[in-house]
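This briefing covers helix packing, the ligand shell, backbone geometry and selected loop residues. The sequence and structure come first.

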Amino acid sequence: MSNILINLFHPNYTGSRGNKILAETVQNLPSVTFRHVDTQCSNFTFDVAREQELLEKYPVIIVQHPVMWYNMPPLMKAWYDQVFQYGWAYPADKSKLAGKTLQLVVTTGASEDAYKTTGAYAYTISETFRPQQQTASLCGMQFAPIFAVYGVRPIEIGGVSDKELEKQAKLYVKLVQKYSKKKKCL
Ligand SMILES: Cc1cc2nc3c(=O)[nH]c(=O)nc-3n(C[C@H](O)[C@H](O)[C@H](O)COP(=O)(O)O)c2cc1C
């Protein structure tokens, strides 16, 4: 049985370069249950019981998405808003998520240099996603170091090469394989 749930949030998957190759590379691994959440949700309304039931089953939750305005896509925010409820997700000592790992896998349009303290955006990717780290902490989850693929934009405007994307996809597989051994929550 798979022990890793990957929830992909991508509002324009047909136009995707990066998330598509990442998703296609890991989605059929035996330890993975993969969902493109956008295709399973209408009008930004979730079946909360179903989402919670799924999250309860898996010790490792991977949330994959493109960075949009230094943040998550809107549907992903709605998912947190609706599913991570008081008494179920928090406080940590009552959380059904306690001990699980929350792993973000993100792609950015900007290059890695922009996400340096001396770069154009001034904040690193982990600083940018502190609110998610805090969410994990509130829910008693372990927040893993973010797996980021930078510079995912068209090659004509300086985006990373297909070869680099394939390399990153292989690193994603390694990350998933590392988690495939986590059977139980701590
Ligand atoms: C509305 C919107 C906002 C975006 N905001 C950011 C941003 O804040 N930082 C960034 O690095 N890239 C930003 N991007 C670029 C996306 O992150 C990039 O296109 C995506 O990661 C590429 O992945 P994909 O090929 O799977 O679509 C934005 C793109 C869109 C459409």
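Helix axes here are lines fitted to C-alpha atoms, over the stretch in contact for helices, with angles running from 0 to 180 degrees between N-to-C directions. Helices (H or I, at least four residues) and strands (E, at least two) are DSSP runs numbered from the N terminus. The model is predicted: local features need pLDDT of at least 70, side-chain atom pairs count only at pLDDT 80 or more, and totals for chains, interfaces and linings use all residues. Residue numbers start from 1 along each chain as its sequence is written.

**Packing of α1 and α6**

- Two packed helices are described by the angle between their axes and the distance between the axes.
- Helix α1 (residues 18-26) and helix α6 (residues 162-179) have axes that come within 9 Å and cross at roughly 40°.
- The two helices are therefore oblique to each other (under 35 degrees counts as roughly parallel, over 145 as roughly antiparallel, 65 to 115 as roughly perpendicular, and the rest as oblique).
- On the α1 side, G18, I21, L22, T25 and V26 meet L165, E166, A169, Y172, V173 and V176 of α6; contact requires C-beta atoms, placed from the backbone, within 7 Å.
- By class, this α1 and α6 contact comprises 8 nonpolar, 2 polar and 1 charged residues (Ala, Val, Leu, Ile, Met, Phe, Trp, Tyr, Cys and Pro are nonpolar, Asp, Glu, Lys and Arg are charged, and the others, Gly among them, are polar).
- K20 is also found in helix α1, and it is partly exposed because it has 16 C-beta neighbours inside 10 Å (20 or more other C-beta atoms within 10 Å means buried, 12 or fewer exposed, and in between partly exposed, with C-beta atoms placed from the backbone).
- K20 and G119 are 99 residues apart in sequence, and their C-alpha atoms are 27 Å apart in space.

**Ligand shell**

- The ligand is surrounded by 15 residues, the closest being S16, N19, P66, T108 and G109; a residue is near if its C-beta atom, placed from the backbone, lies within 6 Å.
- The shell divides into 7 nonpolar, 6 polar and 2 charged residues.

**Backbone geometry**

- Most residues other than glycine have a negative phi, and most peptide bonds are trans.
- Y90 and P91 are joined by a cis peptide bond with omega about 0°; P91 is in the loop between α3 (74-83) and β4 (101-107).
- Y70 has a positive phi near 60° and sits in the loop between β3 (60-66) and α3.
- Y70 is partly exposed because 13 other C-beta atoms lie within 10 Å.
- A122 has a positive phi of about 70° without being a glycine, and its place is the loop between β4 and α4 (125-128).
- A122 is exposed, as 12 other C-beta atoms lie within 10 Å.

**Two loop tyrosines**

- Y115 lies in the loop between β4 and α4 and is buried because 22 other C-beta atoms lie within 10 Å.
- Leaving aside neighbours within four places in sequence, Y115 is in contact with T108, A110, Y121, Y123, T124, I125 and Y150.
- The C-alpha atoms of Y115 and S126 are separated by 9.3 Å, with the residues 11 apart along the chain.
- Y86 is in the loop between α3 and β4 and is exposed, with 8 other C-beta atoms within 10 Å.
- Y86 and Q52 are 34 residues apart along the chain, and their C-alpha atoms are separated by 12 Å.

Definitions and conventions:
Two residues are in contact if their C-beta atoms, placed from the backbone, lie within 7 Å.
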